Amino acid sequence: MTKKQKNLLIRIIVAAVFFVPLYLISEGIIDVKLPVWALYGLFLIPYLTVGYDIVRKAVLGIRNRRVFDECFLMTVATIGAIALGELGEGVAVMLLYQVGELFQGVAVGRSRRNISELMDIRPDYANIENEDGELERVDPDEVETGSIIVIEPGEKVPIDGVIVEGSTALNTSALTGESKPMDVSVDDTVLSGSINLSGVIKVRTTAQFDESTASKILDLVENAASRKSKSENFISKFARVYTPFVCYAALALAILPPLFGMITGIGASAYATTGALWREWVLRACTFLVISCPCAVVISVPLSFFAGLGGASNQGILIKGSNYLETLSKVRAVAFDKTGTITKGSFEVTAVHHNPIDAKKVLEYAAMAECHSSHPISQSLKKAWGKPVDPARVTDVHEIGGHGILAKVDGADVAVGNEKLMNRVGVAFMHCHHTGTIIHVAVNGEYTGHIVISDELKENAREAMAALKRAGVERTVMLTGDADSVARQVAGEVGLTDYRAELLPQDKVACVEELLKDCGERKKLAFVGDGINDAPVLSRADIGIAMGALGSDAAIEAADIVLMDDDPLKIAKAIRISKKCLGIVKQNIVFALGVKAVCLLLSALGLANMWVAIAADVGVMILAVLNAIRCLFVRNL
Amino acid sequence: MKKSYKIEVDCANCANLMEEAAKKTAGVKDCVVSFMTQKMKVEFDEGAEPAAVMQDVLKNCKKVESDCEIYL
């Protein structure tokens, strides 16, 4: 609790202590005879103790020509009730209103802190080794790029960099939502915001503090709250119109019916005097004012969005604003860039068809021949063979661009390459029915088989598509520059509804535009990319989602949603979070306004008194706030 | 030029009022108040002096919400 809240709590307790006996006396339950003026005077003590700031704000509001706010509503209603002799009700309403305010302040403050803690990846200091070999704590802002910083176990990595000494396990959960520690050693990149778990490491920084991952993420999250959704804008507009409207309605309620009754005599006969008639309607108008406080809706809607954004970022899903959360819940079509989202973007040997020699041997010859090449295909061949290559065994390497490599391995003539190379060296080869890149191998002019290399699917790709379907996505379309046969196979394997193959980068924008047209106004299209070369497409779609985008500035800039790791399941999760959040917002709006409308009607008809009014106001607010906080719990969604 | 200030405000509606009041202040191009992060982001007009403008912003905000605070 803040100082202000503690203060309020004390005032509430003091006022309550005064109020209860006074109320019992005024109701005649405790038999003490007090003159009326004394009773008024005594009731003013708890009233002013608990509500002086509200009255003050109301007066200030009038003086600053901002008449209609909650304080004004409460002041007029309670003073009205007291003036009419309903002392107990008047004071009780102010007391309970403040209890509600206190609860709201504490609940909102607490959840705000919880959410901020979830996102607290801001490092406070960096360790620099000075000339004496001692560690010195400095402000990370002052560390220049290229400096060596030391990170001890338990500390946050303050600035992005590369390890120059030591090895350790890092907890990257604040960045990626992945709880499994990541092992890193010399030459590995470490990102700021991750926590060093086991060993001391020395890191050469590769960025300034404010260019580092942690700072960028924090900036993004902090800015997120300022992009307001339609619902939030609706609420602030609503509050602007609603309060004055209610005040005038209450005024009308206080004046028109009794006036009407006096003139026509209809309904007036039930009251002994004209005074009683007026009293009844003015009291109803006061009740009306109490009910009409808009706080429940006004507070719970932004709180829901904020909690939703906080919960999502805890799961490694950064959403740049609540407006995107809103759009995301309406996504019915998702377009994917193939490489990096559905496939890993790393090539892997998936099959070796060999004859007459052993598969291992085929791989060995291929890896040997390719040992000097850094092409991804050569890398995957070396990886598949799995043993270190001894370059001394390879001589006379001759690379033929667009064909392959000729080399002598252990004295044998080896040709490794595509069909063109086989034709060139005059070796009869076999066609392969597999899709992917086919590498043929010939040794001493004799065909020994071929190796199939393909881009591996992500483990979760298939599951992710199914999850998207369950989340209400009707179309999943893959956009790729690959050959039609490869695209068809991937699309079938993963369970996509559609694919577009052989696209040039600029064709992708046109494709997305065509898909947007298909979707129409109400259904939204999301585009998922790995952030490399697809910034224009990311910004063209209704929602651009960048995957595994840590470290890619362009992607973070262009995307509306950034997935910190590259798990495709997170896309469906983001949609589920947005749906839950929007659902809660709707529940709160409908529930709060519904209860208010019913109570307003009841009070106008004289069926609800002030006790019901304040219970409705505070009760609805508490329930709405508690409901809003549910948005935070998205881990198991 | 954009600057971000830490603020203290008790309710979401009051934050909206502050935002409006700040926007109307001379020298302020745009302003966003986030109740949840308790931050105010102000974009100043070309050539405006932030320190002076912020004094006016604070005064205008106090008018609509006497309890608010901006840490300058």
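**Figure 1. The contact between chain A and chain B in a predicted model.** In this predicted model, 16 residues of chain A are in contact with 15 residues of chain B, where contact means that the C-beta atoms of two residues, placed from the backbone, lie within 7 Å. On the side of chain A that touches chain B, at least two residues each come from helix H2 (36-63), helix H4 (87-118), helix H7 (230-264) and helix H9 (295-314) of chain A; helices here are DSSP runs of H or I with at least four residues, strands are DSSP runs of E with at least two, and both are numbered from the N terminus. H9(A) gives the most to this side of chain A, with five residues. The residues on the side of chain A that touches chain B divide into eight nonpolar, four polar and four charged, with Ala, Val, Leu, Ile, Met, Phe, Trp, Tyr, Cys and Pro counted as nonpolar, Asp, Glu, Lys and Arg as charged, and the others, Gly among them, as polar. Residues are numbered from 1 along each chain as its sequence is written, and chains are lettered from A and ligands numbered from 1 in the order in which they are written. Because the model is predicted, local features need pLDDT of at least 70 and side-chain atom pairs count only at pLDDT 80 or more, while totals for chains, interfaces and linings use all residues.

**Figure 2. The domains of chain A.** Chain A is divided into domain 1 (1-123), domain 2 (144-207), domain 3 (214-342 + 458-637) and domain 4 (344-457), with bounds that come from an automatic or database domain assignment. Between the C-alpha centres of domain 1 and domain 2 of chain A there are 52 Å.

**Figure 3. A six-stranded open sheet in chain A.** The strands of this sheet follow the order E2-E1-E3-E9-E4-E7 (chain A), and their pairing is antiparallel; two strands pair if DSSP finds at least two bridges between them. Strand E2 (135-138) and E7 of chain A are the edge strands, each pairing on one side only. Strand E1 (residues 126-129) of chain A and E3(A) are paired in the antiparallel sense over two bridges, and A:Ile128 stands opposite A:Ile149 in E3(A). Four bridges join E3(A) to E9(A), where A:Val150 has A:Lys202 as its bridge partner. Strand E3 (residues 148-151) of chain A has A:Ile149 and A:Ile151 on its covered face, and A:Ile148 and A:Val150 on its uncovered one. Strand E4 (residues 161-165) of chain A is also joined to strand E9 (residues 201-205) of chain A, by four bridges and in an antiparallel way, and the bridge partner of A:Glu165 in E9(A) is A:Lys202.

Figure 4. Strand E5 (residues 168-171) of chain A is joined to E6(A) by three bridges, with A:Thr168 opposite A:Val184 in E6(A). In the loop between E6 and strand E7 (189-190) of chain A lies A:Asp187, which has a positive phi of about 75° although it is not a glycine. Most residues other than glycine have a negative phi.

**Figure 5. A mostly covered helix in chain A.** Helix H11 (residues 359-369) of chain A has eight buried residues among its 11, including A:Val362, A:Glu364, A:Tyr365 and A:Met368.

**Figure 6. Helix H2 of chain B and its buried side.** The 15 residues of helix H2 (residues 50-64) of chain B should span 21 Å at 1.5 Å a residue, which agrees with the 21 Å between its end C-alpha atoms; the expected span is 1.5 Å times one less than the number of residues. B:Met54, B:Val57, B:Leu58, B:Cys61 and B:Val64 are buried in H2(B). The face turned away from the buried side of H2(B) carries the exposed residues B:Ala52 and B:Lys59.

Conventions
A residue is buried if 20 or more other C-beta atoms lie within 10 Å of its own, exposed if 12 or fewer, and partly exposed in between; C-beta atoms are placed from the backbone.
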